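Student: Could we go through this structure together, one question at a time?

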There are 2 protein chains.
Amino acid sequence: MFESAELGHSIPDDLYKKELPALREALLDLQFDLAEAKAFPVLILIGGVDGAGKGETANLLNEWMDPRLIHTCAFGPATEDEAERPHMWRFWRELPPKGKIGIFFGSWYTAPILENLAGGKLRKKLDSHLSDIVRFERMLTDEGALIIKLWFHLSKKQQKNRIAELEANPKTRWRVTEQDKQHLKHYDEFRTLTGHILRETSTANAPWMVIEGFDPNYRSLTTGKYLLDIIRARLDSKAPPLRKAAAPALALKPVDDLNVLNTLDLSKSLDKDDYEDQLEEYQGKLNLLTRHEKFNQLSVIIASEGVDAAGKGGAIRRVTQALDARTYSIIPISAPSDEENAQPYLWRFWRQLPRRGRVTIFDRTWYGRVLVERVEGFCSTQDWMRAYAEINDFEEQLLNHDIVLVKFWLHIDQKEQLARFKARENTAFKRYKITDEDWRNREKWDDYQRAVCDMIDRTSTERAPWTLVESNDKKYARIKILKTIFEQLERKLEALK
Amino acid sequence: MFESAELGHSIPDDLYKKELPALREALLDLQFDLAEAKAFPVLILIGGVDGAGKGETANLLNEWMDPRLIHTCAFGPATEDEAERPHMWRFWRELPPKGKIGIFFGSWYTAPILENLAGGKLRKKLDSHLSDIVRFERMLTDEGALIIKLWFHLSKKQQKNRIAELEANPKTRWRVTEQDKQHLKHYDEFRTLTGHILRETSTANAPWMVIEGFDPNYRSLTTGKYLLDIIRARLDSKAPPLRKAAAPALALKPVDDLNVLNTLDLSKSLDKDDYEDQLEEYQGKLNLLTRHEKFNQLSVIIASEGVDAAGKGGAIRRVTQALDARTYSIIPISAPSDEENAQPYLWRFWRQLPRRGRVTIFDRTWYGRVLVERVEGFCSTQDWMRAYAEINDFEEQLLNHDIVLVKFWLHIDQKEQLARFKARENTAFKRYKITDEDWRNREKWDDYQRAVCDMIDRTSTERAPWTLVESNDKKYARIKILKTIFEQLERKLEALK
């Protein structure tokens with residue numbers, strides 16, 4: 001991985017000075033074309049060995065280009081707000097929007113490197129971590145981001161010389177820290193580990209580029225030209241190539257017409273007394289759990305989806321009645337804001353993740369991608385087809401961070417829906433609940449059903465299963481939802497003990 | 001303040017049950033009209049004595065109304081992210097957008113109450129704190145927010161009875177904490193203090209409403225009806241009344257034609273050698289300060305304004321060259337996003353405040369309100385006239401939080417501007433810097449000059465003075481800016497020692 005970056009590259013000063021003006025002008029031009037097109041974000045990850053010019057390069061890029069269109073982030077130890085969310089949250093909230101350049105120091109590569117120096121994880125565990133990274137970057141590039149990964153390298157001999165030279169000069173001696181010496185001692189180990197990491201995560205869509213860092217002229221010119229070429233090429237290409245490919249519709253049409261929805265027993269119901277007893281029972285039990293001494297060690301996310309008029313709102317209210325208003329938020333998902341539109345699809349959900357001891361209820365969710373966006377053609381087939389895996393990855397991260405994730409699909413049949421639509425139209429204070437869009441969606445009933453079946457098949461995992469809720473009878477549905485949340489939360493609290 | 005809330009109000013159950021359905025329906029209706037109109041946000045502040053129904057009321061409102069359109073926030077001790085910003089930052093980031101309802105527990109009233117119980121500040125200091133609050137709330141209501149402040153009260157006798165009753169019952173005894181007993185002991189003091197605070201902060205635009213909290217029926221019905229009346233009245237009024245009033249233009253036209261801009265000596269300049277020496281000197285000095293051991297105890301904000309083509313971008317680049325790219329952000333201010341448009345004017349600046357040890361450079365600033373928005377008529381005369389005081393309050397908060405705030409106005413004359421516009425049009429890689437808008441703005445030269453003079457007069461305070469930068473010579477301007485930042489930062493670092 002590092003062979004070509006240990007050749008002792010260098011560029012004489014006069015050549016450097018001759019090449020620089022044209023390069024800078026071209027980079028500035030590029031940057032404004034990028035900002036004007038607002039077509040995609042550019043994310044530059046910077047890594048490498050000590051003293052190979054990481055910081056210098058970031059500073060130089062800011063000097064050469066217009067720093068107003070660059071945002072450079074350094075990630076140190078997690079702040080309290082960051083530590084209360086899944087690991088990747090801090091990176092999500094710094095992602096550059098379309099048209100801008102973000103430079104990340106200490107990106108998602110810091111953890112696997114630090115954790116695996118000096119022994120660390122089993123290679124198998126490391127590789128699973130790296131494949132998470134590969135999938136994450138793949139998601140970003142599929143969403144249109146241009147990811148440029150730069151690794152600045154020094155050979156062992158160069159590193160030794162660098163430290164010796166700094167130490168020999170009284171003026172620069174202070175710059176050599178104990179850490180530098182420690183790192184030099186572990187140079188070979190570091191080289192082997194990072195070589196492995198770079199190879200494993202160098203993909204067609206987000207390759208690593210290793211740059212020899214010893215000679216500043218060589219390093220700077222190489223970096224500048226590489227950025228210029230790669231960003232310009234992308235700008236001049238008509239469209240992100242990945243979006244174009246056609247993809248087959250997923251769903252098999254079952255020849256016997258059975259599916260997970262039409263086999264639900266929608267006649268399930270509860271009588272009023274039973275309902276009221278159980279409502280009180282489970283609201284009380286759920287409330288008690290939220291005052292459990294370990295409740296502050298976890299967070300809860302409730303993902304609520306369902307057929308129009310299936311009773312999501314009413315069910316959510318029965319859940320929130322059991323909670324203290326100071327502990328929950330409800331996020332109704334409708335059209336994205338313009339800030340959300342300038343980011344990858346999942347960004348708007350990441351920004352709403354609850355801190356510890358809080359409950360966030362999504363009224364419609366990230367599954368919009370494989371439901372309404374698929375059926376209405378708001379995104380390409382490629383986009384919604386890859387969304388299943390992206391969503392599974394997203395939820396996996398939630399679960400790994402001790403977030404209790406409960407997912408509901410509220411189902412009613414077409415006849416019941418019609419009755420409810422009509423009732424809504426006739427009740428003054430429910431009029432807001434029924435719109436022309438609801439009627440239009442109803443006409444696409446079969447398409448939506450197929451999308452739901454695919455969604456359930458492809459995103460119902462062992463750790464984050466879908467709960468299908470028979471909702472023709474609202475009372476039955478509400479109790480099933482309350483009970484499910486209670487049980488999953490109780491199980492998690494016990495596991496924490 | 002509390003007299004009418006110590007009368008022993010109560011409502012019998014049957015009357016409560018009779019009134020409730022119509023109230024709930026009207027509240028729901030109201031809420032959807034509010035969401036549909038998206039005309040203003042509603043902010044409900046909840047305070048009061050222990051056990052008077054604060055939490056119960058928030059829960060009840062969420063139960064009665066659609067909880068998806070309400071966001072309830074409780075503010076506990078500041079998190080790390082919050083502690084690194086001015087005190088009010090945490091409230092700014094939870095403000096509800098237009099069309100939604102926010103319920104705040106532990107609002108900006110918590111600090112003055114806690115700090116002044118048991119002795120605390122001098123009354124004079126308290127009153128200055130309260131007048132800050134009054135001005136802050138005035139700004140919010142001027143920006144269109146509807147602020148509803150509810151205080152739930154119990155008389156001393158009711159409080160005693162409540163605690164005695166809870167203690168008498170083995171099932172509820174656990175609910176009485178040591179804190180409750182302590183608070184009861186200090187009841188009179190608390191009543192006097194909060195009475196004073198409520199009176200001082202009960203204004204025409206944001207009055208306190210005190211509600212007796214002992215009888216839940218009375219409390220709930222009173223709260224519900226009050227909210228209904230006041231929100232409905234505002235919704236049905238055609239426009240926020242404050243925006244309508246006409247206001248005189250501010251600037252005196254000086255009869256001798258002298259002003260702070262045309263008396264600047266724009267012939268000031270530096271020769272190349274001098275410039276290069278000083279550039280190196282001050283960039284080096286500034287860099288050293290950012291590595292000062294106390295630098296992590298403060299933050300820096302640089303506010304950059306100036307005539308079009310005065311050289312803001314170039315000057316900012318000379319500053320950032322002295323900084324590590326990992327420590328600064330540049331925020332170019334252009335049109336607000338839709339999320340920003342749904343919030344008070346200053347919200348978009350609050351959200352960008354730097355954490356400790358970081359530098360944020362605003363390229364154009366909150367002064368847009370009294371410059372471009374005034375001249376182009378993007379806001380009403382009332383709006384920009386009140387902005388001077390709002391901006392002074394905002395900056396005061398920054399300074400009180402150990403933020404070094406440096407404000408620049410870069411000035412050139414009309415002739416120099418014309419020359420630069422033409423040069424830009426003729427240079428390929430500068431073409432992006434000159435637009436039709438620049439030429440249009442130039443035609444309004446006199447209006448802009450008048451607005452700038454007013455701005456300088458009204459917002460140049462002792463602690464946050466404007467630095468006027470003679471910029472016909474770019475070299476002179478850049479050095480003056482670097483030197484000013486260096487000096488102000490140095491002074492602050494010394495003051496911290």
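Student: What rotation superposes chain A on chain B?
Tutor: Copies are superposed by least squares on the C-alpha atoms of residues with pLDDT of at least 70 in both. The shift along the axis is 0.0 Å and the RMSD is 0.0 Å, for a rotation of 180°. The two copies are thus related as by a two-fold rotation axis, and the rotation asked for is 180°.

Student: Over which residues of chain A does pLDDT stay under 50?
Tutor: Chain A has a mean pLDDT of 90, and 95% of its residues reach 70 or more. Where pLDDT is low, the predicted coordinates should not be read in detail. The stretch of chain A that stays under 50, for which the model has 14 contacts beyond four places in sequence, is residues 241-247.

Student: Which are the edge strands of the open sheet in chain A?
Tutor: Strands (E, at least two residues) and helices (H or I, at least four) are DSSP runs numbered from the N terminus, and two strands pair if DSSP finds at least two bridges between them. The five strands of this open sheet pair in parallel, in the order β2-β3-β1-β4-β5 of chain A. Those that pair on one side only, and are therefore its edge strands, are β2 (70-74) and β5 (208-212) of chain A.

Student: Which residue stands opposite A:Leu43?
Tutor: Strand β1 (residues 42-48) of chain A pairs with strand β3 (residues 101-105) of chain A in the parallel sense over five bridges. A:Leu43 is also among the residues in contact with A:Trp108, together with others including A:Met88 and A:Phe136. The residue opposite A:Leu43, in β3(A), is A:Gly102.

Student: Is strand β10 of chain B buried or exposed?
Tutor: Buried means under 20% relative accessible area, exposed over 50%, and partly exposed in between, with a 1.4 Å probe and protein chains only. On one side of β10(B) lie B:Trp466, B:Leu468 and B:Glu470, and on the other B:Thr467 and B:Val469, so that both faces are covered. Five of the five residues of the strand (466-470) are enclosed in this way, so β10 of chain B is largely enclosed by the rest of the structure and its residues are buried.

Student: What is the relative accessibility of A:Ala309?
Tutor: A:Ala309 has a positive phi of about 70° although it is not a glycine, and A:Ala309 is found in the loop between β6 (299-306) and α12 (312-320) of chain A. A:Ala309 counts as buried, because its relative accessibility is 9%.

How values were computed
Residues numbered from 1 in each chain as written. Chains lettered and ligands numbered in written order. Predicted model: local features only at pLDDT ≥ 70, side-chain atom pairs only at ≥ 80, totals over all residues. Heavy atoms only, no water. pLDDT = per-residue confidence, 0-100. Contact = heavy atoms within 4.5 Å.
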